[in-house]
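Please read it beside the model.

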Amino acid sequence: MSHQPEKPTNGWEPRIIAFFCNWCTYTAADLAGVSRLKHASNIRIIRLMCSGRLDPQFILEAFAKGADGVLIGGCHPGDCHYIEGNYKALRRFRMLKRLLHEMGIEDERLRLEWISASEGEKVRSVVNDMVAKIKALGPLALPSKIASWDEEIAGNQELALEKEEAQHA
Amino acid sequence: MKYLYYPGCSLRSTGRAYEESMLALFKALEIPIEELNDWNCCGATAYVSIDETEAFALAARNLELAENQAGNGTVDLVAPCSACFLVLTKTQRYLSTYPEVSRKVNDALKTVGLEYEGKTRVRHPVDVIVNDYGLDKVAKHVTRALKGIKVACYYGCQIVRPFATFDHPHYPTSMDRIVKAIGAEPIDWPLKTRCCGGSLTGTIQEAGLRLSRALLKEAEKRGADVIITCCPLCQHNLECYQGRINNKYEETIDIPVLYFTQLMGIAMGIPEKELGIQRLFRKPKFTSVSAKGGEAVHV
Amino acid sequence: MSIVPIIPSLLVKDSPAKVPRKISRRIKFESELDLSFGESVAERAYGENLLSCIQCGTCSATCPLSHYMDYTPRRIIAMVREGFKEEVLNSLTIWLCASCYSCYVQCPRQIHITDIMYALKREAIARGGYPPRHPIPVLAREFFSRVKRHGRNTESFLLVSLYLKTNPFAMLKEAWLGTRLWLSGRLSLKTESIKRKKELRTILNAVEAEKGDGHQ
Amino acid sequence: MSKTNGHEIPRVGFYVCHCGHNIAGAIDVDAVAKYVATLPGVVVSRDYKYMCSDPGQELIEQDIKDHQLNRIVVASCSPLLHEHTFRNATEKGGLNPYFFQMVNIRENVSWVNDNKAEATEKAKDLARAAVRRVIHHRSLEPKKVEIHPDVLILGGGIAGIHAALTLANAGKKVYLVEREATIGGHMAKFDKTFPTLDCAACILTPKMSDVKNHPNITLWTYSEVTNVEGFVGNYTVTVKRKPRYVIEELCVGCMECIDACIYKEGKYPDEFNVGLSKRKPIYVPFPQATPQVVVIDRETCIDFKSGKCKKTCIESCDRDAIDLKQQEKIEQIRVGTVILATGYQIFDAHRVPYYGYGKFPNVYTSLEVERLVNASGPTGGELILRDGARPKTVGIIHCVGSRDKNTNRWCSRTCCMYALKLAHLLKEHTDAEVYNFYIDIRAAGKTYEEFYDKLLDENIHFIRGRVAEVTNWAARPSEEGKLVIRVEDTMIGIVRRIPVDMVVLAVGMEPKSDAQEVRRLFNISCSTEGFFLERHPKLAPVDTFTDGIFIAGTCQGPKDIPDSVAQAGAAAAQALMLIDSGSIELEPNTAHVVQEECSGCKSCLTICPYHALSRDEVKQKATINEALCKGCGTCVAACPSGAIKQNLFEDEEIFSEIDGMLDLQLVGTNKG
């Protein structure tokens, strides 16, 4: 297993997982499509009924499985289809942001945006902006970091060395 | 708050009276202002016609120098000449709107170790007086009543559009409000933002003169005693070519054209000499009327 | 830069209502057009909306100079779009634009018409396709080189060199105004200049070096 | 392969749709199908021209039978469009419809990406995620809810009136709620209607009285909806009935009280005549107002302002209908469906000061001119200007506040035609020279073009050009005292100055200023422009994204009377469909508590906005009332022990979707 963070190479493209609520932001992304508003292809959208469904674990899972950024899209304050799910999302987002900060994950990698069903243009600009910012940061490569942390915790330095040697061979 | 002052080339020659009167006015109102060190040409109209990016770079150097001279925080750079004001605000707008412009200009600035961070705000003296200083305070400085004097406020094109935000691009009112504050009477004048002809009075002169003539005639028709402007080129066109317009089109127009700072200065009793009144070709006929408690008579 | 010589050929006359009684052949073949002209101008002039023009004529109607133009601004936009490069670059319209930005603020499609006019002027100057001794390009060139040398412009010197390069006799016509200006202290004969000239030149040279793809 | 819920071995069928050129033009669909075929669990992987077509759906049905498929994934357009279609196909093939997952590779991929290689990669990622997700899907039953047969219609303009009558005639009970003191809306203010030139009042007022007299319609004017709760089939709506200080049931509309008012003349701007005349504080909006009930405006009535009025109005009423102490009334109603027909407002011409509205008295908006030419208008149909003169020349400026990025971008659709109509009427009333200044004439409608032809024959001027300014700057003696219009005649290519006596601004239509509040109240969306958003622009033009809420008329976008009426009929039919079917199937995306895993911590109890969660005090565990649950999933995310599950959005489903998208391959292994 390699411990070096993957350096940004010419081939590297950030991967961003987006969680969009069904009523506002997902519809806005559809609108962006219908309006042919071209944007960076680095985003992968997961549809939830409400941003309130967003379990912080989903975000951690995304980072842990190799996402370079996570974007959350919900209805504007006061517009939630389920009255106040977006406020819950905001609270969890703030909490998680602090946690990620502790973990050394840059602020720009987790983003929350209120995008209403009519704001197809905003989907484009937010995605493009986020991709540009994450490109500037480079890969997060959390999976390999986690692997090295795990091994450190286990104190299993020898095993790590062995594996490295095996790879060189 | 201290303002930085960007004179521009015109205020050092044809627009000298504008500089003199503005500085005298700021002094009287106790608005602190200091000249921008080593400012260069803004990169006006003529320069843009040759190389636009270089023009942006010229303007950006001034913005950067202002930022530098001010130290930290934002800084207000006062540009009285309309053309300079436009070019500087436009540069700022385009630097923030078009990443390509911003990259080219900043790369060029970097070659001499400069970097513009976007902390300069370009201001026009009209904006500063109306929105920062306040007309209530202006009114308190008035010592000569200009009552009954009808003033046509001429904004010209480039201070209200398209990048300024302090007034309406079609129907600006800032100067009209200044005129009211100093006790004179602004007239309703539909041509207040119509072009005076700009540099065409020199190049394709007949077209330029006709534009100035339309402005002068309408001001005369609406009973203006004086036209005030806030741009050295407008002032030059409307004043210096009045004789030629009269000759050419058999008109008998005779309207003094003052900088708004001069009119304010007169109302505040600042000596004529400090306001550069002696440099005018057509002197205002009411300047000698001192109105200590009495009514000013306009001729 | 206000007192500049006048070229007799550019004097404005009221246009005759009568059409000259001469038959002329007017037709345009697609092969005579430069079909990429519109896009290339749009790209250079922050005219990203140029192609969205609906030909409503607001620009022409709000323009204080459109009645002196050979083509109204609206027609210039249409011609740029359709690739009438020769007509556009040889038109008087682009030189009559006084940069008052009326059209820029009122255009319902938010087309940066003033910027487009500048881009056309630059292209015309660059290829030399303007009338000889035309004062506007000469003025622009003189201004450009003075600022490049000194960092500032001295209006009096600008004018003198301009007269010499266009129409020396016109200087006499304007002399009275110059004298009055000089007497009232409004025409300085001292060369205006900045201190760090080298710094400025380095910046401008850097911009120039950056070019190369022909974009300005 | 990971476990499946049915303990069966997953057999996934995958289908990627070309959507003609829409998808196949931007994504290498063949490569996607070939790639998905290599994924674990996938038995069939195909690409097909149009998956939503009958043969496309049959393909799924047939494959389920032939290959014993137990999971289906279709990569095509947005699930908001065709999820239902493919669930049906899945069901027809013999599977539970929820063993299906959709991949959006059109709106989310092919339409927004230019680079074919990148788009194909993205499509593969999304397909892989869906394949992994669908394996976890469970068999579910849709939730059924009853539909309450009563309908609320908001807005009493022509659209609301028509929808109300349609439903009432079908035997349904309708509540028609109108904010103003009368129904009729904008149409009641119009003079003639294009292109037939029949009088608006003549065709509208009979319908207004039908509304008033219909036994199935409850008409509440001067009323506003303040709160909406519930969901499709079961809405509880709170209506505030503002006091009009006249008892509606007693007033017969004799108007003697108005004559008796201590104001001898009208003093305040008359809203119905758009400020062109004055009314008293006690008034009836217009002669045919429905209901025929007087209203007292507390803002202007002396008694409300000072308490020192002789109250002559009260004395004059022999039915004692005036009650100055009347309070507002709150009504609560239950309805199953709602039709919003809240209309539009005209563009405020002050926003384009270069046309001089508000500065020059002889510059009018088109709505003011409608009143001016109307026989019951402020001048009795005499066309005289504010200064008392008759105009000899009139300029009508089109597209004021339309097709302009600085104000409103859209075409208001009706202005061309009503401007033509006004041109005709002005010519007829005054024989003036009438100029139309237009950008394009849009006369697309049955017999509209013919109307335009007629106008041309009437010798009305049509100048193609957008006016730059209206001034009182006279450049010639002939322009003195006139309003001067400056325009380029773009057909001739020359700038013209045209002096006129009267300017008419053909103002556009825009969303009502409170459209956003109404939208929130009913939980629907607005388009970028601010009009209410329909579920699908072509196929569901009167539905919204919220079940049971329909839209009709100009609140959805600019349209003329025939189109508003057509939409109103359509909305009524949609409501009828729900009501008569008696019930509706809802997404089974509700949450439930797995009792064994619940620790009884109560974290979830306060979080539910619908109070669907409660605590079983005996078992010390949370339970969910599925009838109340709307399926947002907020409680699921909040449960610390993972005991709450949301159907269709279970943790495993979402985790597998995330994992599938990222397809983590640690260095050293081969990338798929």
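**Notes on the chain contacts**

1. Of the 4 pairs of chains in contact, chains B and C share the most contacts, where contact means heavy atoms within 4.5 Å. This is a predicted model, in which local features need pLDDT of at least 70, side-chain atom pairs count only at pLDDT 80 or more, and totals for chains, interfaces and linings use all residues. Residues are numbered from 1 along each chain as its sequence is written, chains are lettered from A and ligands numbered from 1 in the order in which they are written, and side-chain values use heavy atoms, leaving out hydrogens and water.

2. How many residues does the contact take from chain C and from chain B? Chain C gives 71 residues and chain B gives 69 residues. Between them, chain C and chain B bury about 6,600 Å², 61% of it on carbon and sulfur atoms. Buried area is the accessible area (1.4 Å probe) that two parts lose on being put together, summed over both.

3. The interface of chain C and chain B has 3 salt bridges (a side-chain nitrogen of Lys or Arg within 4 Å of a carboxyl oxygen of Asp or Glu). Arg122(C) and Glu52(B) form a salt bridge at 3.2 Å, N to O. Across this interface of chain C and chain B there are also 13 residue pairs in polar contact, both residues at pLDDT 80 or more. A polar contact is a pair of N or O atoms within 3.5 Å; within protein, one must be able to donate a hydrogen and the other to accept it, and residues adjacent in sequence count only if both atoms are side-chain atoms.

4. On the side of chain C that touches chain B, the elements that each supply at least two residues include helix H7 (113-127) and helix H11 (197-210) of chain C. Helices (H or I, at least four residues) and strands (E, at least two) are DSSP runs, numbered from the N terminus. The largest share, 9 residues, comes from H11(C). By class, this side of chain C has 37 nonpolar, 13 polar and 21 charged residues. Ala, Val, Leu, Ile, Met, Phe, Trp, Tyr, Cys and Pro count as nonpolar, Asp, Glu, Lys and Arg as charged, and the others, Gly among them, as polar.

5. Chain A takes part in a contact with chain D, with 57 residues from chain A and 52 residues from chain D. About 4,700 Å² is buried between chain A and chain D, and carbon and sulfur atoms give 58% of that area. The count between chain A and chain D is 7 salt bridges. In one salt bridge, the closest N and O atoms of Asp79(A) and Arg519(D) are 2.7 Å apart.

6. Chain A does not touch chain B, and their nearest C-alpha atoms are 13 Å apart. Chain A and chain C are not in contact either, with their closest C-alpha atoms 16 Å apart.

7. Over all chains the structure holds 85 salt bridges. Glu206(B) forms a salt bridge with Lys248(B), with the closest N and O atoms 3.5 Å apart. Glu206(B) lies in helix H10 (residues 205-221) of chain B and Lys248(B) in helix H12 (residues 242-249) of chain B, so the pair ties together parts that are 42 residues apart in sequence.
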